[in-house]
Amino acid sequence: MTTPPPSDTHPSSDEHHLAAADAEPLTNDAMHNRAGALLPRDLLQPGEIIVLLVKPSALYIALSCLKSLTLIVLLTVLGVSIARATDTHDLAQQLAIGGLVLLLARLAWQFFEWLSRVYVITDQRIITVSGVLQVRVFEAPLKQIAHSELFFSLRERLFALGTLVFSTAGTARSEAAWEMVANPLDVHAKVVKTLKRYGR
């Protein structure tokens with residue numbers, strides 16, 4: 001008795017192996033456990049293949065709040081300078097400590113913001129997770145992704161980072177962004193390849 005050919009509606013075993021090979025470090029159990037730890041529970045569907053899972057570069061912690069950090073430093077230096085000029089050294093010391101605490105608190109908040117951000121593309125969807133107190137999840141089927149773009153701000157260019165922006169069909173605005181990813185050209189090439197393969 002001959003075995004009937006596999007249905008076109010289900011990926012063949014060769015396709016699964018190919019997808020697994022493209023998933024580079026995320027095909028082993030340890031990386032899938034990492035995905036389970038980073039993503040909200042039950043977000044991934046049974047059998048869904050993770051093609052790429054990335055986070056922003058660790059430089060995101062400082063670069064994304066660079067303006068507020070600069071403002072804190074400038075105000076602290078100004079306050080300390082004025083206090084020293086008026087010969088109130090105790091006040092100058094208190095301002096310096098207060099500025100340092102405020103600086104560390106701002107960086108700590110941005111660290112948790114960095115921890116919360118996860119960017120995923122599977123064989124079915126684009127997923128973006130972010131938010132510290134309120135978790136925000138954007139997801140869209142690959143078939144609905146109209147196009148992706150790669151942008152480089154000045155500070156991103158200085159540190160070889162980039163931002164990927166996605167737009168869905170029927171909208172004229174970007175709906176999701178993968179901010180400050182390392183190796184942006186490689187990541188974007190992987191995304192484009194995945195959209196071509198699975199977004200048909």
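Me: At what angle do the axes of helix H4 and helix H5 cross, and how is that to be read?
Reply: Two packed helices are described by the angle between their axes and the distance between the axes. In this predicted model, the axes of H4 (residues 66–85) and H5 (residues 89–116) cross at roughly 175° and come within 8 Å. Axes are lines fitted to C-alpha atoms, for helices over the stretch in contact, with angles from 0 to 180 degrees between N-to-C directions. H4 and H5 are therefore roughly antiparallel to each other (under 35 degrees is roughly parallel, over 145 roughly antiparallel, 65 to 115 roughly perpendicular, the rest oblique).

Me: What conventions apply to the numbering and to the values?
Reply: Residues are numbered from 1 along each chain as its sequence is written. Local features need pLDDT of at least 70 and side-chain atom pairs pLDDT 80 or more, whereas totals for chains, interfaces and linings use all residues; side-chain values use heavy atoms, leaving out hydrogens and water.

Me: How many helices and strands does the protein chain have?
Reply: The chain has seven helices and seven strands; helices (H or I, at least four residues) and strands (E, at least two) are DSSP runs, numbered from the N terminus. Their order from the N terminus is α-α-β-α-α-α-β-β-β-β-α-β-β-α.

Me: In what order do the strands of the open sheet stand?
Reply: Strands of a sheet pair through backbone hydrogen bonds, either parallel or antiparallel. Here the order is S1-S2-S3-S4, with antiparallel pairing; two strands pair if DSSP finds at least two bridges between them. S1 and S4 (136–141) stand at the edges with a single partner strand each, so one side of each is left without a neighbour in the sheet. On average, neighbouring strands of this sheet are turned by 10° against each other, direction ignored. S1 is joined to S2 (residues 118–122) by four bridges, and Leu52 stands opposite Ile121 in S2. Helix H7 (residues 184–198) lies across S1 and S2, running at about 155° to S1.

Me: Where does Ser57 lie, and is Ser57 buried or exposed?
Reply: Ser57 lies in the loop between S1 (50–54) and helix H3 (60–63). With a relative accessible area of 14%, Ser57 is buried (buried is under 20%, exposed over 50%, partly exposed in between; 1.4 Å probe, protein chains only). Not counting residues up to four places away in sequence, Ser57 touches Trp114, Leu161, Met180, Val181 and Ala182.

Me: How many aromatic pairs does the whole structure contain?
Reply: A search finds four aromatic pairs; rings of Phe, Tyr and Trp (its six-membered ring) pair if their centres lie within 6.5 Å, with planes under 30 degrees apart stacked, over 60 edge-to-face and the rest tilted. Phe111 and Phe112 form an edge-to-face pair, 5.6 Å centre to centre with 65° between the planes. The rings of Tyr119 and Trp178 have centres 5.5 Å apart and planes at 5°, so this pair is stacked. The pair links distant parts of the chain, with Tyr119 in S2 and Trp178 in strand S7 (residues 176–182), 59 residues apart. Tyr119 and Trp178 are both buried.

Me: Which residues do ring pairs link into a cluster?
Reply: The cluster consists of Phe111, Phe112 and Trp114. The charged end of Lys55 sits over the ring of Trp114, 4.8 Å from its centre; this requires NZ of Lys or CZ of Arg within 6 Å of the ring centre and within 35 degrees of the ring normal.

Terms used:
Contact means heavy atoms within 4.5 Å.
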